Amino acid sequence: MTDTLAFPAVRLIVRGDLLDFTDDPGFAAPDEAPGVRWREDHRVFVEGGRIVAVLPSDAPLPAGWHGVLEQDHRGHLVLPGFIDTHVHCPQLDVIASYGTELLDWLNTYTFPAERRYADPEVSRVGAERFLHALWAHGTTSAVVFPTVHKVSAEALFERAHAHDMRLITGKVLMNRFAPDGLLDDVEQAEQDCLDLIARWHGQGRQAFAVTVRFAPTSTPEQLVMAGELCRSQPGVYMQTHVAENRSEVKWVSELFPDARSYLDVYDRDGLIGPRAVLAHGIWLDERDRAVLRERGAQIAHCPSSNLFLGSGLFDWAQAQREGLNVSLASDVGGGTSLSMHRNMADAYKIQAMQGTRLSAWKALHTATLGAAQALGLAHEVGRIEPGCMADFAVWKWAQGDVAVHRDKLARDSHGSLHERVFAWMTLGDERNLVRTLVAGQTVFQSPSVV
Ligand SMILES: [Zn+2]
């Protein structure tokens with residue numbers, strides 16, 4: 001390759017086998033699933049960070065495109081960059097910590113790690129490390145929890161904006177049941193949020209999210225303030241956790257005895273709208289799910305986290321039947337990998353435990369276009385389509401002897417495309433990644449691939 005990270009081309013062509021989606025494949029059998037778009041050996045034309053055309057590679061180059069740098073990835077898969085809808089920047093420091101469920105895990109590992117982010121330099125270095133880690137896993141957009149410190153949100157916005165990356169975040173609201181150094185108060189928190197909105201919301205590809213850690217760590221007064229922010233600030237998102245773990249659900253019912261349910265703690269203060277992203281949602285009841293559907297909110301399903309912390313098995317098929325928006329998320333550091341491959345493979349197993357078969361089409365749609373639609377960003381991300389930003393990842397079909405052998409058998413037997421893609425999804429991870437582009441710029445390139 002002749003391009004480098006330091007000198008991105010204004011115009012660029014990426015060539016490879018394109019896989020993306022035009023509709024939700026749902027839980028249909030793989031060979032009957034709608035919405036799968038497979039374009040073998042195509043060229044994607046990129047100008048000023050956006051996709052301007054997609055053409056078969058045997059079509060003549062459009063006028064003016066002769067001599068433009070071409071990243072030739074023939075034989076590799078090109079997908080829209082993954083969208084991770086729930087992940088904690090500071091928790092890279094505690095990923096893979098042993099032996100606890102949610103509430104102990106927060107006190108033992110997470111809170112001590114998050115305290116360090118009061119230091120602007122720790123926040124800045126942590127944000128840069130985190131964004132590079134996302135790209136090195138093929139993720140190009142994310143909905144992110146920083147810490148309670150305003151500087152931790154500023155650092156994420158600043159670093160993402162410098163790379164023109166789509167990022168949604170906001171300082172964490174938390175004014176009780178956390179150690180000193182991690183608590184805010186209602187007035188200062190509101191002012192910090194308003195400052196961040198004024199500086200960053202709608203700045204390039206940055207968007208602010210009212211970020212309630214979870215119901216227990218905010219007083220009723222702080223939740224009212226958070227709901228007021230959602231109402232008064234146009235276009236802001238809301239992110240939080242809900243019904244992850246049974247002990248947590250019980251604790252919330254004790255703290256908020258007037259609320260009908262855990263979800264109702266948020267809903268009665270106006271936090272649940274079409275821009276609400278609620279992580280987990282395992283232990284909801286039918287009325288809760290109806291509220292989520294009516295509001296157009298989404299559940300960020302976090303497979304590896306739910307398994308690792310023993311939180312429970314999310315019933316995705318039921319959510320689909322009831323018309324809920326569901327996206328996929330790593331929830332690092334409760335989750336054990338930023339890799340959406342590993343999270344999709346875990347999602348398959350969680351559904352299998354409940355008698356449902358999750359196709360690669362459904363999983364991949366959810367991690368790309370499905371998440372984009374749920375976030376109201378399908379005009380920008382989630383597809384390889386003229387007008388969308390040039391956020392994509394280039395993948396090898398197989399890495400390592402077992403996967404290479406399995407892929408060869410799938411190819412030689414002329415089986416379905418799904419067979420090959422499913423094996424790729426299940427056996428693959430970040431080691432399959434060749435290149436990641438954000439707004440047409442290479443932000444990750446595998447050292448092992450020339
Ligand atoms: Zn989380």
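**Note on the predicted model: zinc site, helix packing and selected residues**

1. In this predicted model, the zinc ion is coordinated at 2.1 to 2.3 Å by four residues: His-86 (NE2), His-88 (NE2), His-241 (NE2) and Asp-331 (OD). Donors are N, O and S atoms within 2.8 Å of the metal (3.2 Å for Na, K and Ca), and water is not among the atoms, so sites may look incomplete. Along the sequence, the spacing of the donor residues is H-x1-H-x152-H-x89-D.

2. Two conventions apply throughout. Residue numbers start from 1 along each chain as its sequence is written. The model is predicted, so that local features need pLDDT of at least 70 and side-chain atom pairs count only at pLDDT 80 or more, while totals for chains, interfaces and linings use all residues; side-chain values use heavy atoms, with hydrogens and water left out.

3. The geometry at the metal deserves attention. The angles subtended by the four donor atoms around the zinc ion run from 88 to 169°, which makes the arrangement irregular. Four donors count as tetrahedral if all angles lie between 85 and 135 degrees; four count as square planar, and six as octahedral, if opposite donors are over 155 degrees apart and all others between 65 and 115; anything else is irregular. Ideal angles are 109.5 degrees for four tetrahedral donors, and 90 or 180 degrees for six octahedral ones.

4. The site joins separate parts of the chain. His-88 belongs to strand S5 (residues 82-88) and Asp-331 to the loop between strand S13 (325-328) and helix H11 (340-352), so this pair ties together parts 243 residues apart in sequence. Helices (H or I, at least four residues) and strands (E, at least two) are DSSP runs numbered from the N terminus. His-88 is buried at a relative accessible area of 2%, and Asp-331 is buried at 4%. Buried means under 20% relative accessible area, exposed over 50%, and partly exposed in between (1.4 Å probe, protein chains only).

5. In the loop between S13 and H11, which also holds Gly-333, a cis peptide bond joins Val-332 and Gly-333, with omega about 5°.

6. Helix H3 (residues 150-162) packs on helix H4 (residues 186-200) at an angle of about 10°, the axes being 11 Å apart. That makes H3 roughly parallel to H4. Axes are lines fitted to C-alpha atoms, for helices over the stretch in contact, and angles run from 0 to 180 degrees between N-to-C directions. Angles under 35 degrees count as roughly parallel, over 145 as roughly antiparallel, 65 to 115 as roughly perpendicular and the rest as oblique. The residues of this contact comprise four nonpolar, one polar and five charged. Ala, Val, Leu, Ile, Met, Phe, Trp, Tyr, Cys and Pro count as nonpolar, Asp, Glu, Lys and Arg as charged, and the others, Gly among them, as polar.

7. Helix H14 (residues 417-427) has two helix partners to consider here. With helix H12 (residues 360-374), the axes come within 9 Å and cross at roughly 60°; H12 and H14 are therefore oblique to each other. The H12 side of the contact consists of Ala-360, Trp-361, Ala-363 and Leu-364, and the H14 side includes Val-421, Phe-422 and Trp-424. Contact means heavy atoms within 4.5 Å. By class, the residues are nine nonpolar, one polar and no charged.

8. Helix H13 (residues 401-412) packs on H14 at an angle of about 170°, with axes 9 Å apart, which makes H13 roughly antiparallel to H14. Ala-403, Arg-406, Asp-407, Ala-410 and Arg-411 of H13 meet Glu-419, Arg-420, Ala-423 and Leu-427 of H14. This contact has four nonpolar, no polar and five charged residues.

9. Two further histidines may be inspected. His-149, in the loop between strand S6 (139-145) and H3, is buried at 12% relative accessible area; beyond its neighbours within four places in sequence, its contacts include Glu-114, Arg-115 and Lys-171. His-137, in the loop between helix H2 (120-135) and S6, is buried at 14%. Not counting residues up to four places away in sequence, His-137 touches Phe-82, Leu-338, Ser-339, Trp-395, Glu-430 and Leu-433.

10. Asp-41, in strand S2 (residues 36-47), has a positive phi of about 40° although it is not a glycine, and Asp-41 is partly exposed at 26%. Phe-177, in the loop between strand S8 (172-173) and H4, has a positive phi near 55° and is partly exposed at 43%.
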